[in-house]
Amino acid sequence: MSKKKIDLKKAIRKPFKSLRKVGKAPGTITYMGHREGGENKITVTDYSDDFCVTKDFDDVKEAFVFRDTDTVSWINVQGLSNEVEIEKLGEYYKINPLVLEDLVNTNQRPKIDEYDEYVFCVLKMLYLDDDCKLITEHVAVILCEHTVLFFQEVEDDVFNGVRDRLNNKYGRIRTRNADYLFFALIDAIIDQYFVVLENITNQIEILEEEVYNNPEPEVVNRIQRLRKEVLHVRKNIYPVKEITNRLTKTDHRLIHNETKVFLSDVHDHSIQIHETLEMLREMSMSLMEMYMSNVSNKMNEVMKVLTIMSSIFIPLTFIAGVYGMNFQYMPELQERNAYFVVLGVMLVVFILMVIYFKRKKWL
């Protein structure tokens, strides 16, 4: 009993992030993550059809001048733990405190909210690092009149393609409004989901081969880790279908009909991702069943061989037992070739039983 109590204490030693919000008023900006004290940086990309300029700032107030321009501005805020700077930005752009609260809450489920002056969207950015390890980051996007506010925890992201298109004037992004930039960022996040799902599919295929060919005990741990990863990915990606569907049907004035055509394509991608997720979930759940079934089959084969061997030696053991009783008046004991005769009988019985098992296809 005492050992269980000690293990329980170890399990709950990690502090609960939710305790940070207990007792606080709704709308209080409280960072709910594990990256406190990280680097904070504000990067602004301001562009139009004729130019594109990117600048880095240490103080969020320096980015305020881009709100009232006719150009499109992408204000990227790195570091969600800097609650003071985020509050300043929220006050200047007149963002609802409840939105700012969800913005810094890394436990927030992906969602989209529409307000009169802006559209707020929370997503999970999933990508693979150089070691193919899954990285999950909480991000938030706010679409304003001429500005897209983007909030993320760390510097790494999946927007290199968007930056290249802006800097080199590829495609139509520099000729469109802020809602197209809003679409481009969401599209880049969703496209990366395909890479993550493809990586999981490869892991499942490798594990299937190992389960069928050589189900070693350590495979069980890998299956468990994979199942947890699939559930983690599903939890963070599953709501995206609802978000993209709502974006294609919205009547918000900031999202134009020209952009809805592209958003409908993103919605198609989200449906495909949704179906792939369900398939991967079922495959990951069935891997353990495959493993247990294969192990049971191998055990049955071993038991079958042992049973056949036992069946063959049972009559031989009976003959050896009869002639091992050492009675004085056993007639065969006096025969000169009795030993060889008994061995011959035992060999014939052995051969007949092997032939019988072969005909029954048990061997």
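Let me start with Ala140, which counts as buried because its relative accessibility is 0%, where buried means under 20% relative accessible area, taken with a 1.4 Å probe on protein chains only. What we have is a predicted model, in which local features need pLDDT of at least 70 and side-chain atom pairs count only at pLDDT 80 or more, while totals for chains, interfaces and linings use all residues. Residues are numbered from 1 along each chain as its sequence is written, and side-chain values use heavy atoms, with hydrogens and water left out.

Ala140 sits in strand S6, residues 134–143, strands being DSSP runs of E of at least two residues and helices runs of H or I of at least four, numbered from the N terminus. Beyond its neighbours within four places in sequence, Ala140 is in contact with residues including Leu103, Phe120 and Phe151, contact meaning heavy atoms within 4.5 Å.

Turning to the helices, H5 (residues 178–213) and H6 (residues 218–237) pack at an angle of about 155°, with their axes 11 Å apart; the axes are lines fitted to C-alpha atoms over the stretch in contact, and angles run from 0 to 180 degrees between N-to-C directions. The two helices, H5 and H6, are therefore roughly antiparallel, a label given to angles over 145 degrees.

Finally, the largest nonpolar core has 59 residues, and Phe182 is among those with the most contacts inside it; such a core is a set of buried Ala, Val, Leu, Ile, Met, Phe, Trp, Tyr and Cys residues joined through side-chain atoms within 4.5 Å. Its largest share, 18 residues, comes from H5.

Methods: Parallel < 35°, antiparallel > 145°, perpendicular 65-115°, else oblique. Buried < 20%, exposed > 50% of the residue type's maximum accessible area, 1.4 Å probe, protein only.
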